[in-house]
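Subject: Two-chain model for your review

Dear colleague,

I am passing on the structure below, together with an account of what was found in it. Please read the notes alongside the coordinates, and treat them with the care that any computed description calls for.

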Amino acid sequence: MGLTRKILKTGRVAEPAARAGEVLPKAAGLSGSVQVRHVDAGSCNGCEIEIGQAFSPVYDAERHGARLVASPRHADVLTVTGPVTVNMAGPLRKTFEAMPEPRIVVAIGDCAKDCGMFAAGHGVTGPVSDVVPVDVHVAGCPPEPARIVAALRGLTGR
Amino acid sequence: MSAWIAAAGQALLIALLAPIVTGVTRAVRARLEGRAGGRIAQPWRDIRKLLRKPPTSPEGAGVFFSAAPVVLMSTSLLIAATVPFVSTAGIAGSADLIVVVGLLLLGTVALALAGLDTGTAFGGMGSSREMTIAALVEPTLLLAVFALSTRVGTTNLGVIVAAGASDPAAVFTPASLLAFAALAIATLAETARIPVDNPSTHLELTMVHEAMILEYSGRDLALVEWASAMRLAILLGLLANLFAPWGVATGTTWTAVVIAAAVLTVKMCGLATLLAAAEVYAAKLRLFRVPELLAGSFAMALLAVLTSYILA
């Protein structure tokens, strides 16, 4: 009974939908269905927490047609966070190659763009665009969940 | 109306309805979790997009990998065409219980072989788990419907459902209550739902169904997901028609068939809602506890058969 009362009392925790991002022409063929595979290429995990929030009940990216999946084979979109470390450059490239065409890469966070505070670190290869072609970049350190949802809406078009 | 056209129409109805049934379970679950959730037609959008994408094949995968989606889809279509979902007349007369369970198992085995064929660790692990579960579920499916077949003296699903449709009150016996409980648990296990498997898991170590299809992409994945949705719709439809046989057409006149199709849609969506609501309250069982649950459901199915002989 406790759970029933909790469900009734909590009601809907989802906030009103965030503003939509610009629609990427490359994503037009996906027509409202985007499966996302995430790769942490060496991030501090700050961005991962925000991505987790973007798919949480509050921001709820699923209502716009985006869903996290367990395999790159199922994915249309690859989200990458962090400066790419030496050890993760290979796995990141392999993940990208395992995805079926057309594949879209979303770099999330400032580190993914210019390595942030980790630039010139001994274990860092470089930004994400050095390893795989980046289509969309979400700025912020870490970016707010609403910005991540907005970028995903730009891919689903909803 | 020709019996073959009716069968094709029924298969088409189930195929169109199946992703919607999956969408309903996701929407209900999202609502109860406080999320806004995707639209009910979202599974259709996913399948439509996947059908447009080219499939990929892992290195060294052979004929089992490429054949499994087609086998899974064709067995599902065959069951959807023959089982008396809409009307008990027509080729529903050829829908024997043992054939239907055999076809379901053929699809399961095809997918398990495909999981092994990929050569990945998770694929093989998923296959071994799926076979463990299937070995315990199929006897339960058979026995649970046997309990209902003793009343009419045949394993023909068309006759069983027709007997129920002509006298719905006779369905509610202690035997059918036990059979219903057993069949419901078997349905959860067969369609990879909580508490046996979690359809939305991302943890490879807890996967069963998802682990086998990790390597599929594009059109192949669309077929596998579509067929899996159809299997859920088929088993929910079977549950609905065996234990709540109201509204099933006994002829093939247009009005009766249209009404029966509408009633079937409502029944399936109702069961999907119940399923999703029950899933919110349940947690996934630890894998080693699953055989206990399935053994329990088998015992209930056995008791149902015994009861149907003793009390009949």
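In chain B, the annotation "transmembrane region", which comes from an unreviewed UniProt entry, covers residues 6–25, 61–85, 97–119, 131–149, 169–189, 229–248, 254–281 and 293–311. Please bear in mind that the model is predicted, and that the annotation comes from the record. Among the annotated stretches, residues 6–25 of chain B are 100% helix and 0% strand, with 28 Å between the C-alpha atoms at the two ends. Residues 169–189 of chain B, by contrast, are 76% helix, again with 0% strand, and their end C-alpha atoms are 29 Å apart.

Taken as a whole, chain B has eleven helices and zero strands, so that its pattern along the sequence reads α-α-α-α-α-α-α-α-α-α-α. The radius of gyration of chain B is 19 Å, which is close to the 20 Å given by the globule rule for 312 residues, and chain B is therefore as compact as a globular protein of that length. Along the principal axes, the C-alpha atoms of chain B fill a box of roughly 55 × 45 × 45 Å, and 54% of the 312 residues count as buried. If one takes the contacts in chain B between residues at least 6 apart in sequence, 83% of them join residues at least 24 apart.

Chain A meets chain B through 24 of its residues, which are in contact with 26 residues of chain B.

Which strand of chain A is largely enclosed by the rest of the structure? Strand β3 (residues 77–81) of chain A is, because five of its five residues are buried. Both of the faces of β3(A) are covered, with A:V77, A:T79 and A:T81 buried on one side and A:L78 and A:V80 buried on the other.

The pairing around this strand can be followed residue by residue. Strand β1 (residues 34–40) of chain A runs parallel to β3(A) and is joined to it by five bridges, with A:V80 in β3(A) as the bridge partner of A:V39. β3(A) also pairs in the parallel sense with strand β5 (residues 104–108) of chain A, over five bridges, and there A:I104 in β5(A) is the bridge partner of A:V77. Further along the sheet, β1(A) and β2(A) pair in the parallel sense over three bridges, and A:L68 in β2(A) is the bridge partner of A:V36.

With kind regards

Conventions
Residues numbered from 1 in each chain as written. Chains lettered and ligands numbered in written order. Predicted model: local features only at pLDDT ≥ 70, side-chain atom pairs only at ≥ 80, totals over all residues. UniProt positions renumbered as here; feature names shortened; annotations may be inferred. Helix = DSSP H or I, 4+ residues; strand = E, 2+ residues; numbered from the N terminus. Contact = placed C-beta atoms within 7 Å. Rg over C-alpha atoms; globule rule 2.2 N^0.38 Å. Buried ≥ 20, exposed ≤ 12 C-beta atoms within 10 Å, placed from the backbone. Pairing = 2+ DSSP bridges.
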